[in-house]
Amino acid sequence: MIDETLDISIYFSPIDLEKIAFWGGDDNDDRIGNRIDIHTSEHFPDISEAKIVVLGVGEDRNSINNKGCAEAPDAIREQFYQLFYQDNMPKIADIGNLKIGNQVKDTYIILTDILSSLIQNDIFPIVLGGSQDLTYAVYLAYQQLDRVINITSIDSHLDLGKEDEPIKSNAYLNKIILSQPNCLFNYSNVGYQSYFVSNKELALMDKLLFDTYRLGLVKQDMENSEPIIRNADMVSIDMSAVRFADSPGCKYVSPNGFSGEEICTLAHYAGASDKLSSLGIFEYNPSLDNRKQSAILIAEMIWYFIQGYMQRTNDLPDVAKGNFFKYYVSLFENTYKIIFYKSKTSHLWWMEIPIEEGENAKFQRNYIIPCSEQDYRTACQEEVPERWLQTYKKIKP
C-alpha cells in the first residue's frame with residue numbers, strides 16, 4: 001500500500017484542459033468541468049477533501065483486438081465536463097491519468113496500491129479504462145485490505161478464461177477466483193447474452209454458487225437488478241453490454257444489449273448503494289465512436305451515478321437505531337423462518353441469513369443481504385427466495 005506521506009501526484013499525468021473542449025466553448029460556472037477539482041500542470045487536487053475521485057487508466061495492452069481503448073479517459077472527460085453541476089453534489093476530484101508501467105503488471109500494482117489507499121480512506125474511486133482486465137487490479141485492492149467482497153459485472157460475456165491462460169480483457173475472472181488469499185464471497189453477472197456464453201461456463205458459475213442474470217430477464221424488470229448491485233462492493237461495467245444503437249464505440253458491441261436509459265438506471269443503482277466502494281467503466285474505444293455517442297452516454301452514466309450517490313441514506317438495518325420494520329415469515333409449518341427488514345427511510349428491503357454466533361465470522365457483512373419486496377412476497381407464498389438460498393449455501397459449511 002502507498003505510504004500516506006507519499007505524494008501520489010507523481011503517479012498521475014495532469015489533464016490538458018485545452019484539449020477538453022466544453023460544449024459551445026462557454027465558461028458557464030454551472031458546468032461540472034468548472035466545479036470539480038482537476039489535476040492540471042499547476043495544481044493537484046486535495047483528495048482528503050474529496051468524496052469521489054475520478055482517475056483514468058489508459059491501459060489496453062491486455063485487450064483483445066481493442067487497441068485504442070487506452071484513449072478513453074480524456075474522451076469521456078470531454079463529455080462529462082460539459083454536463084451541468086447539481087446542487088449538493090459531493091466534492092469530486094479528477095486526479096488525471098495514471099502513468100502506465102513498463103509492463104502491464106506494473107500498471108496493476110500501482111493501480112492496486114492507489115485504490116486500496118482511496119478505499120481505506122472512504123474516498124470513492126471511479127476508474128475510467130482502458131480494458132476490462134483492470135477489474136483484476138481493482139479486486140486486488142480489496143485483497144490488500146483483507147476485505148471479503150462481492151463483485152458485480154455488467155457484461156454481455158462472463159470473461160472467465162482458463163486456469164493456464166494469461167490474463168486478458170476477456171479472461172480475468174478466473175485469475176480473481178484463483179487468487180490467494182481469496183477474498184471473493186460472491187460474483188454476479190448482470191446482462192449476459194446466452195449466445196456469447198457456453199454451457200460449460202454457466203455450469204461452472206452454478207457450481208461456484210455465483211449468480212448470472214440473462215439480459216432478457218433483467219430487461220423485463222430492471223428494479224430486480226437493484227438488490228444485486230446494492231449487494232456489491234465493486235461494480236465493473238463493460239460497455240459492450242450496451243446495444244450498438246446506443247453505444248457504437250465498442251469493439252464487441254452487438255445489436256442487442258441494454259439501452260442507454262437502462263445502463264444509466266443501473267449506474268444510478270450503483271451510486272445509491274451504501275455498500276459499494278468502487279466503480280470501473282471499461283472497453284470504450286473512441287476510434288469507433290460515431291459522433292462521440294458512447295462518450296456522451298458514459299458521461300451521463302457517471303452523472304446518474306453521482307445523483308444516486310447523493311441519495312445515499314446509510315440506512316442498513318441497525319437494531320440500535322430502529323430504522324427499519326422487521327417481518328418474520330414462517331415456511332413449511334414453522335419448520336423454517338426468514339427475517340425480512342424494510343427501511344423506514346428508503347423503503348428498501350433486506351433479508352437475514354441465520355448464522356450461529358462465531359460461525360464463519362469472515363462472512364459477517366453478508367449475513368443480512370439486500371433483496372426486493374418480491375422476495376418477501378415469494379416467502380409469504382412458502383417458497384424460499386433464490387437469493388436467500390444461494391447465500392445460505394455459501395455461508396453454511
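Modeller: Happy to. Two terms to start with: helices (H or I, at least four residues) and strands (E, at least two) are DSSP runs numbered from the N terminus, and the expected span of a helix is 1.5 Å times one less than its number of residues. This is a predicted model, where local features need pLDDT of at least 70 and side-chain atom pairs count only at pLDDT 80 or more, while totals for chains, interfaces and linings use all residues. Residues are numbered from 1 along each chain as its sequence is written, and side-chain values use heavy atoms, with hydrogens and water left out.

Colleague: Good. How far does α8 reach from its first C-alpha to its last?

Modeller: Helix α8, residues 260-272, reaches 19 Å over its 13 residues, close to the 18 Å expected at 1.5 Å a residue.

Colleague: Tell me about α9, then. What span should its 18 residues have?

Modeller: Helix α9 covers residues 293-310 and should span 26 Å at 1.5 Å a residue; its end C-alpha atoms are 26 Å apart, which agrees. Its buried residues include L297, I298, M301, I302, W303, F305 and Y309. An α-helix has 3.6 residues a turn, so residues three or four places apart point the same way.

Colleague: Which elements cover α1?

Modeller: α9 turns up again: the cover on the buried residues of α1 includes β3 (52-57), β4 (92-98), β5 and α9. Seven of the nine residues of α1 (72-80) are buried, so this helix is largely enclosed by the rest of the structure. Those buried in α1 include I76 and F80, and also R77, E78 and Q79.

Colleague: Zooming out, how many helices and strands does the protein have?

Modeller: There are 11 helices and 14 strands. The radius of gyration is 21 Å, close to the 21 Å that the globule rule gives for 397 residues, so the protein is as compact as a globular protein of that length. That radius is taken over C-alpha atoms, and the rule is 2.2 Å times the number of residues to the power 0.38. The C-alpha atoms fill a box of roughly 70 × 45 × 45 Å along the principal axes, and buried residues make up 56% of the 397.

Colleague: What share of the contacts join residues at least 24 apart?

Modeller: Among contacts between residues at least 6 apart in sequence, 74% do.

Colleague: What about phi at D159 and E382?

Modeller: D159 has a positive phi of about 55° although it is not a glycine, and E382, also not a glycine, has phi near 65°. D159 is in the loop between β6 and α4 and is buried at 6% relative accessible area. E382 is in the loop between α10 (373-380) and α11 (386-395) and is partly exposed at 40%.

Colleague: Last one: where is S346?

Modeller: S346 is in the loop between β12 (336-343) and β13 (349-352), partly exposed at 25% relative accessible area. Leaving aside neighbours within four places in sequence, S346 contacts T313 and D315. F324, in strand β11 (324-331), has its C-alpha 9.6 Å from that of S346, and F324 counts as buried at 12%.

Key
Buried < 20%, exposed > 50% of the residue type's maximum accessible area, 1.4 Å probe, protein only. Contact = heavy atoms within 4.5 Å.
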